[in-house]
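Here's a friendly walk through the structure below. Take a moment to look it over, and then we'll go through it piece by piece.

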Amino acid sequence: MFRSTGSGLLVARIAWASLLRRRTRTVLVVLMIAMSLWGLLFMQGLYEGMYEQMIDNAIRSGSGHLTIYAKGYRLEPDIKKLITNIEEVARFLAKDQRVASVVSRINQEALAATANYSRNAKVLGVELGAEQKHGRLADYLRQGELAFGPKARGAVVGSGLAKKLKISLGHKLVLSAQATDNEVSAIALKVRGIIKTNNLAIDDGAVFIDQAKAAEFLGIGAGVTQVCVILHSEEEMVPLQQALRQKFTDLEVFRWDELYPALMQSRVMMEGFSYVTYLLVFAVAALGIFGVILVSILERIREFGIMLAIGTEFALIRKIVLFESFIIGFLGYLSGSLLGGLTLNYFRVHGLDLTAFSEGLDAFGLDAIMYSIIKPDYFVTAFLAVLLATILSVIFPLRVLKKARPIEAITKL
Amino acid sequence: MRLFMVIMLLFLLPPQAGAAITAAEIIKKVEDNLNGETARLAIAMTVKTSRTQRTVRLESFSIGTDKSFIRIAYPKKDEGITFLKVDKQMWQYVPRIEKIIKIPASMMQQSWMGSDFSNDDLIKESSISKDYDANLLGEDGSGFSLELIPHPEAPVVWGKIIMGVSRSSFLPTEVDYFDEEGVLVRTLYYREVQRFAGRLYPSLWVMEPKTPDKAGHQTIVRVEAAEFDQPIDPEYFTKRALKRFSK
Amino acid sequence: MSEFLQVKDISKVFNPEQEFEVAALSGINLAIGRGEFVVISGPSGSGKTTLLNIIGGLDAASGGAVILDGLTLTDLAEKELCLQRRDHIGFVFQAYNLIPVLTARENIEYVMKLQGKSQQDCDARVVEIAEKLGIAQLLNKLPNQLSGGQQQRVAVARAVASKPKLILADEPTANLDSGTAAELMAMMEKLNREERITVIFSSHDPMVIAKARRSIILRDGRVVQNEITP
């Protein structure tokens, strides 16, 4: 690009010196780029953190990465549609390296009633030890304990359901549900724990009870309704789903995004959102640089004229202008990234405390304290956006310069 | 609630005089008096809220506490609706849409025909003696006061029930239902004991919710006619009966 | 016989075929030898600047040819012309000669850097020239820290640093007081003698005109006098 390092250094020297000469203007544009980049990174990291949290909650408390049902269960849930070959499934999953944890559950629609209120609920017969390893349910415990008591008569209730039934720890809860013999079976339970996952399906309807107790209550001899699997890496979801489908043709295997399409939409919306914001950053950077460079070129027509007169090729002047643009963009990018990175890291560790808005947030299934995430490709994409801006924004000003015929500017004194 | 238990009537046994009677024995007598082998009743049920009032007439057939069949006779828009309860399952037939609906667990707590009784009340198999421990709280010339505490594992929502029993008829006079916190949720009054074919039976039942949100509500059941321990066609207790006897 | 610089029948018309068509130069013929010290004078509007610009390749002639050291400049494309200016022609303008963001030293070595000379060579030449022109103490200053006269001296240094064959100076002393002007002229004479650089400049100033050894007078775009002064 440069015939020798001599002229390369010359370009750099003139570009840098020209920018320093108009310090305030340069600083303002750099600041503009930095601020918009900072805002973008912050919003992106926070928003992505937000929906990743939602997805994580749903996976840990609800479906896992993959859920296995008996054939036809998802379309028409029925307590009689059970997975009977549990050991075979468990063995298959235990051998697979991709699997991090597995739990099995018995599910049934039920009515939860107290003397004053009754609500539709979902009874989930679970094994607490496995669930804790699987989804770290203890993190979601708000009151009481995650236990079913010595006689397995305890229940852990979702916080929304508890609120609607106006019950709390120690209260009696009567569950009625249809058992496998088509009769309505009822059981009295004592509330031992209240759980808040921000997965609304769980919070507003779930009653967790001991799995063996659930089997007894619902007349199930052997088998479970659902097996949930959490993987080490989300990328393994599709291949493992296929492997399971092939091996167990009498069962159905679903991914979380197939079960919760609305959550997947958050992610898709996010991608659209981030394109728009990168576009905004690009526009801000491009316009800022364009404005500054254009003005600075028009100011320096005579200067460039002299340089051209004494033998500078136009190409060198182009390189100087481009380099100036690049310096501005790069400084803007660096400072914006630094600010953004520090802010994101702070909120990654400490979280953004929005407990003042927790009621509104609850309605959407969002945690009151939001943690942001940082991903390297935020910075890569931002870099590309700014780079593109620096290159594109000098095209027009350079054309203006050429048309202005700098040599004439000095010769027509 | 024992609307179904009520349609069985045994001939009233005179109370045992003299020997101190235990709470458990009292309860047993009450249950015997409210149940019978078979029963056939004609009932007018009036549901009152603070603003409206409506009356439904029905006829019911039952065998013990296990099987019962109800047909709504009035008003015209509800005429022909039938209910069947066999073991712990309940079905309803609505002629207007010509559909038989099985009442699922989730609808159990919903009110039956708009009254202050729930579907669950109609179905509840739990006889008092099975699910509750009875204590005698006190007695006087006219009757006994019993406290019924549910067994810890009994699937009943009540925290406790207080029942007043008449000494002369061994029929309940007033039953108070309390929630776990001891707050009174509703009261069922049995009044106007009459003789039906030689058997003493309360002909007026009033269910009054006591919670503030249901102030002014009342369900009044009047037994207009009753026949006990006569044979009843078993056909009534099949699913076919829902449609067949709807007309 | 090929003279160092030949101007053959050069004409320049501004705004041709338009309402304000101006014939700035017509029929200019000159032959200048290597190492001459030439002044072009004449009243304002006589075309001095235009002629200098055409000779230096900063402006295009409407007709005729300029041949410098055997090379027909008027036939060259812009790019080659640019290189000729870089390597063989030095310019000193009336004002605003220097690149404002670079120091005096950097301005002086600018063209050498364009030519790709090593930093060592540049440094050596800068020192040499600075001593000759007495501006060594100004080297690290920026143009806005220099007086008019100092700027012009640096401009001259810059023009000669790359050892061009020809220097064109357009009214270089116009903005200077007489003392400084005399110094500047002395400097240019010295360079002309010692480095054998051909110098052509335009001027009003009689003192300056007196210094020249060939005097060319223009009037209304034509040469009216072309004499070697004794």
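Let's start in a loop. In chain B, Pro75(B) sits in the loop between β3 (67-74) and β4 (82-86). Keep in mind that you're looking at a predicted model. The peptide bond that leads from Tyr74(B) into Pro75(B) is cis, and its omega is near 5°.

Arg196(C) isn't a glycine, yet its phi is positive, near 55°. You'll find Arg196(C) in a loop too, the one that runs between α6 (178-195) and β8 (198-202) of chain C.

Now over to chain A, and to a pair of its helices. Helix α2 (residues 23-63) and helix α14 (residues 376-393) of chain A have axes that come within 11 Å and cross at roughly 150°. The crossing of α2(A) and α14(A) is right-handed. From α2(A), the residues that make the contact are Ile33(A), Leu37(A), Leu41(A), Gln44(A), Gly45(A) and Glu48(A), and α14(A) answers with Tyr378(A), Phe379(A), Ala382(A) and Val386(A). Sort the residues of this contact by class and you get seven nonpolar, two polar and one charged.

The size of an interface is often given as the accessible area lost when the parts come together. For chain A and chain B, the buried area is about 1900 Å², with carbon and sulfur atoms giving 52% of it. On the chain A side, Ala115(A), Lys172(A) and Val184(A) lose the most area to chain B, and together they make up 30% of what that side buries. In terms of residues, 22 from chain A are in contact with 21 from chain B.

What holds hands across this boundary? Two salt bridges are counted between chain A and chain B. In one salt bridge, the side chain of Lys151(A) meets that of Glu153(B), at 3.5 Å from N to O. Strands feature on the chain A side: β2 (99-113), β3 (118-126), β6 (172-178) and β7 (184-195) each supply at least two of the residues that touch chain B. Which of chain A's elements gives the most to this side? That's β6(A), with five residues. By class, the side of chain A facing chain B has nine nonpolar, nine polar and four charged residues.

Finally, turn to where chain A meets chain C. Here 24 residues of chain A are in contact with 26 residues of chain C. The two chains bury about 2400 Å² between them, and 66% of that is on carbon and sulfur atoms. Two salt bridges turn up across the interface of chain A and chain C. Lys79(C) and Glu313(A) bring their side chains together in a salt bridge, at 3.7 Å from N to O.

α1(A) gives the most, with seven residues. The residues on the side of chain A that touches chain C divide into 12 nonpolar, six polar and six charged.

Note on methods. Residues numbered from 1 in each chain as written. Chains lettered and ligands numbered in written order. Predicted model: local features only at pLDDT ≥ 70, side-chain atom pairs only at ≥ 80, totals over all residues. Heavy atoms only, no water. Contact = heavy atoms within 4.5 Å. Buried area = accessible area lost by both parts, 1.4 Å probe. Salt bridge = Lys/Arg side-chain N within 4 Å of Asp/Glu carboxyl O. Helix = DSSP H or I, 4+ residues; strand = E, 2+ residues; numbered from the N terminus. Nonpolar A, V, L, I, M, F, W, Y, C, P; charged D, E, K, R; others polar. Axes fitted to C-alpha atoms, helices over the stretch in contact; angles between N-to-C directions. Left-handed = near helix turned anticlockwise from the far one by under 90°.
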